[in-house]
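Hello,

Here is the structure for your files.

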Amino acid sequence: MRPRDLSAHTPYAAGRGIEEVAREVGMDPDDLVKLSSNENPLGPSPKAAEAARAAVDGVNTYPKAAHADLREKLAARWGLTADQVWLANGGDGALDYLSRALLEPGDEVLVPDPGFAYYGMSVRYHHGRVNTYPLHKSEEFAQRPANVLDAYDGERIVYLITPHSPTGSEMGHDAILEVADGVDDDTFVLVDEAYGAYTDQPSAVSLMDGRDDVGVLRTFSKSYGLAGLRVGYILAPEAWADAYDYVNTPFAVNTLALAAASAALDDEAFVERSVETAAWAREYLYENLAAKTWESAGNYVLAEVGDGAAIQRAAQERGVIVRDCASFGLPECIRITTGTKEETRRAVEVLNEVVATVER
Ligand SMILES: *Cc1c(COP(=O)(O)O)cnc(C)c1O
C-alpha cells in the first residue's frame with residue numbers, strides 16, 4: 001500500500017528555521033538573525049499574544065462562536081458580508097479552499113513566474129494544472145496586464161499578487177481591472193495581498209464591489225506577527241453566497257488563533273510600528289547593500305548577488321539567514337526580510353562582507 005503518485009508534486013521549500021540553522025552552524029539561536037521568511041521582527045502584536053494566553057483555558061471546546069465572531073469582525077472591517085470571509089488555517093489554507101471551490105479535475109490556472117510556490121501546489125493537489133505568466137527582470141519585474149493576458153488561455157483562476165514576492169513590485173487598480181475585464185466570465189482573479197499592509201496602495205477589496213470574479217487574500221502572518229498561529233482568509237464575491245460552508249474544514253482556525261487575530265485587529269499601533277520598521281529597513285537596504293536591489297513595497301528586498309546559494313551559505317555561517325531565490329527561478333538573487341534596525345544593520349554588514357569575498 002502506497003500513496004498515490006506524487007512525483008508531479010513538490011514539497012514546499014520554506015525559509016530555513018532558526019533552530020535548524022543554529023544546530024548546523026554551531027551557534028546559539030539567539031545570536032542568529034533570521035530574515036528568510038518575511039516574518040515580523042517585532043514579535044506578535046502584544047495584545048494578540050495576551051488574548052491567545054487568555055484563551056488557552058477554553059481549548060476543550062470547539063471554536064464555533066469565535067469563528068463566527070472573527071468572520072463578522074473582518075466583514076465589518078472590509079465592508080462586506082460575513083459569508084464573504086473565507087477564514088482558514090493561514091492564507092495557504094484559504095488557497096486550498098479556493099481550489100476546492102473552483103476546480104474540476106484537469107482545470108488550469110495561471111500563476112506568476114517568479115511567484116509563490118503554494119498557488120501551484122494547492123492546485124495540483126486538487127487535480128488541476130498550472131500555467132505561468134512571466135514577470136521580466138529586464139522590466140524590473142513590472143506587473144503589466146499584457147504579461148498576464150498574453151499568457152492567458154481560458155484558465156479558471158488567475159493569481160495576481162501585490163506587493164509581489166520575492167520582487168516587491170506592485171500592481172495598481174487599473175492594471176488589476178484590465179486583467180479582470182480581459183479574461184473570460186468564468187475566470188476568477190485572486191489578488192494576493194499577503195503584504196498589503198506594507199504598501200500605501202489601497203486594497204483591491206474596493207474592486208470587488210458589483211463583481212463576481214475578483215477576490216482578495218489577506219493573512220495575519222506578516223504585519224500582525226502571527227505566522228505561527230496560522231490564520232488568514234480570502235474575501236470572496238458576494239454572489240458566491242454560502243459556498244464557503246461547502247469547502248471549509250470544520251473549525252479550521254483554532255481557538256488561540258481566533259482570539260489572537262481578533263485582538264490583533266484592534267492593535268493598530270502595532271501594525272503601524274511594523275510598517276514603519278519595514279519602510280526604514282527597505283531604505284537602509286537600498287542605500288547600504290553592495291548589490292543591485294529592486295524597490296519593494298513589502299517587508300523584504302530582492303538583491304542580485306551573483307551566486308545566491310553561495311551567499312546564503314556564507315551569510316548563514318556568520319549568523320545571518322536570508323532566502324536564496326533559486327526556488328523562484330532567480331539563482332542569482334537573495335531575498336532579505338526587513339528586520340529591526342539592529343538586525344538589518346547586522347545583515348547588511350555581513351552580506352557586504354560575503355558579497356565582497358564569495359566568488360561571482
Ligand atoms: C505569507 C504569504 C501568504 C500567506 O501565508 P500564510 O502564512 O499561510 O497566511 C500568501 N501569499 C504569499 C505570497 C505569502 O508570502
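What is the volume of the second largest pocket? About 280 Å³. A pocket here is an open set of points on a 1 Å grid over the protein atoms alone, where a 1.4 Å probe fits, with protein on both sides within 12 Å along at least five of seven lines; lining residues have an atom within 4 Å of a point. Volume is the space filled by probe spheres set on the points, which are joined across faces, edges and corners.

This is a predicted model: local features need pLDDT of at least 70, side-chain atom pairs count only at pLDDT 80 or more, and totals for chains, interfaces and linings use all residues. Residues are numbered from 1 along each chain as its sequence is written, and side-chain values use heavy atoms, without hydrogens and water.

Fifteen residues line the second largest pocket; Arg77, Ala197, Arg218, Tyr224 and Val271 lie nearest its centre. Helix H10 (268-288) gives the largest share, three residues. Helices are DSSP runs of at least four residues (H or I), strands of at least two (E), numbered from the N terminus.

The largest pocket holds about 920 Å³. Its lining has 43 residues, with Tyr12, Asp92, Phe116, Ala117 and Arg323 nearest the centre.

Now the helix pair. The axes of H2 (residues 46-55) and H9 (residues 255-265) come within 7 Å and cross at roughly 145 degrees. Axes are lines fitted to C-alpha atoms over the stretch in contact (heavy atoms within 4.5 Å); angles run from 0 to 180 degrees between N-to-C directions. Among the residues that meet are Ala51 and Ala52 in H2, and Ala259 and Ala260 in H9.

Best wishes
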